[in-house]
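This briefing is for a reader who is new to the structure. Please look at the sequence and the model first, then read the points below by topic.

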Amino acid sequence: MGTTLFTSCSFSWRFHRQIIPSNHLLAQSSLESGISRAKVTADSGESGLVGGEIEKCSGLMKRRSILVSGVSLISSAVLGSPREGLAVVKQGLLAGRIPGLSEPDEQGWRTYRRPDEKSGGHGVGWSPIIPYAFSVPQDWEEVPVSIADLGGTEIDLRFGSSKEGRLSVIVAPVLRFADDLGDNATIERIGPPEKVINAFGPEVIGENVEGKVISMNVAEHLGRTYYQFELEPPHALITATAAGNRLYLFNVTASGLQWKRHYNDLKRIAESFRVI
């Protein structure tokens with residue numbers, strides 16, 4: 001009889017050791033339940049030795065509960081609430097993707113700036129990518145980039161919105177146009193808008209751009225020139241510029257329905273692109 005009761009207590013001890021690390025509150029409740037069962041069994045027996053052993057086991061479990069409580073208090077002090085602790089772990093898992101979005105402004109738009117710490121040189125010997133920025137509505141989020149995507153390893157960033165559309169940033173070497181542009185190329189030295197869109201448009205939309213370009217504009221911001229194109233079909237807005245030894249192609253695309261409903265937002269996104 002005594003041996004059976006002590007074995008039951010030992011099993012309860014092993015069981016609680018497995019649960020405690022997952023959740024303090026659940027472990028404490030289980031411990032209290034285990035102690036209660038042990039006391040009931042002890043009352044039903046007549047052996048003083050068995051009762052003493054169970055009382056000793058109960059004391060160990062109580063001290064274990066106090067120890068776990070202390071650990072929980074320390075964890076709370078370091079990580080804050082349990083949700084905050086989970087947030088820290090989640091951020092650690094996403095360490096390879098450095099966030100670059102600002103908080104929403106009064107209109108619900110956020111600005112993305114390529115973080116200086118973001119990896120990706122697109123080729124051995126290339127200088128760091130000059131940061132760029134653009135604005136998107138609040139529901140747009142960064143999505144993973146795959147080298148199998150259209151544009152391959154030259155795609156530096158993707159964003160998307162299930163409601164409005166998607167965008168990508170292609171960063172390509174200017175050496176694909178000429179070998180005498182140096183390390184401070186400009187879009188004007190690469191060529192006129194027609195040359196740029198005919199050379200790089202197929203990489204962006206996956207097909208020849210002949211007959212698809214419905215508008216071309218030239219804009220200047222802080223001394224840098226930007227070529228802006230609108231294509232249809234497929235529905236696309238492309239902004240191109242050059243900086244350092246690279247050409248930047250900012251592409252905003254959408255389905256027919258998205259284009260019809262959110263054209264103004266898509267246009268604003270495309271025109272917000274800046275190399276800074």
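In strand 8, Thr 239 is the bridge partner of Gln 228. The model is a predicted one: local features need pLDDT of at least 70, side-chain atom pairs count only at pLDDT 80 or more, and totals for chains, interfaces and linings use all residues. Residues are numbered from 1 along each chain as its sequence is written, and side-chain values use heavy atoms, with hydrogens and water left out. Helices (H or I, at least four residues) and strands (E, at least two) are DSSP runs, numbered from the N terminus.

- Seven strands make an open sheet in the order 3-4-5-9-8-7-6, with antiparallel pairing; two strands count as paired if DSSP finds at least two bridges between them.
- Strand 3 and strand 6 are the edge strands, each pairing on one side only.
- Strands of a sheet pair through backbone hydrogen bonds, either parallel or antiparallel.
- Strand 5 and strand 9 run antiparallel and are joined by eight bridges.
- Leu 167 stands opposite Val 252, which belongs to strand 9.

**Strand 7 and its neighbours**

- Seven of the eight residues of strand 7 are buried, so the strand is mostly covered; buried means under 20% relative accessible area, exposed over 50%, and partly exposed in between (1.4 Å probe, protein chains only).
- On one pairing, strand 7 meets strand 6 in the antiparallel sense over eight bridges.
- Gln 228 in strand 7 is the bridge partner of Asn 217.
- The hairpin of strand 6 and strand 7 has two residues between the strands, and Leu 222 in this hairpin takes a positive phi near 50 degrees.
- Strand 7 also pairs with strand 8, again in the antiparallel sense, over five bridges.
- Four residues lie between strand 7 and strand 8 in the hairpin that they form.

**Helices on the sheet**

- Helix 6 lies across strand 5, strand 6, strand 7, strand 8 and strand 9 and runs at about 60 degrees to strand 7; axes are lines fitted to C-alpha atoms, for helices over the stretch in contact, and angles run from 0 to 180 degrees between N-to-C directions.
- Helix 7 packs on the sheet and touches strand 4, strand 5, strand 7, strand 8 and strand 9, while its direction makes about 10 degrees with that of strand 8.
- Contact means heavy atoms within 4.5 Å.

**Helix 6 in detail**

- Helix 6 covers residues 193-205 and has a kink of about 40 degrees at Ala 199, shortly before the proline Pro 202; the bend at a residue is the angle between axes fitted to the seven residues ending there and the seven starting there.
- The buried residues of helix 6 include Val 196, Ile 197, Phe 200 and Val 204.
- Among the elements that these buried residues pack against are helix 5 (187-190) and strand 6 (213-221).
- Gly 206 follows helix 6 and has a positive phi, near 85 degrees.

**Salt bridges**

- The structure holds seven salt bridges, each being a side-chain nitrogen of Lys or Arg within 4 Å of a carboxyl oxygen of Asp or Glu.
- Side chains of opposite charge can pair when their charged atoms come close.
- Glu 141 forms a salt bridge with Arg 110, and their closest N and O atoms are 3.0 Å apart.
- Glu 141 lies in strand 3 and Arg 110 in strand 1, so the pair ties together parts that are 31 residues apart in sequence.
- Glu 141 is partly exposed at 41% relative accessibility, whereas Arg 110 is buried at 13%.
- Arg 114 forms a salt bridge with Asp 156, with the closest N and O atoms 2.7 Å apart.
- This pair links distant parts of the chain, 42 residues apart: Arg 114 is in the loop between strand 1 and strand 2, and Asp 156 is in strand 4.
- Arg 114 is buried at 2% relative accessibility, and Asp 156 is buried at 7%.
- Glu 271 forms a salt bridge with Lys 267, the closest N and O atoms being 3.8 Å apart.
- Glu 271 and Lys 267 are four residues apart in helix 7, so about one helical turn separates them.
- Glu 271 is partly exposed at 35%, and Lys 267 is partly exposed at 22%.
- Salt bridges that share partners join Arg 114, Lys 118 and Asp 156 into one network.

**Ser 272**

- Ser 272 is in the loop between helix 7 and strand 10 and is buried at 17% relative accessibility.
- Leaving aside residues up to four places away in sequence, Ser 272 touches Ala 133, Phe 134 and Ser 135.
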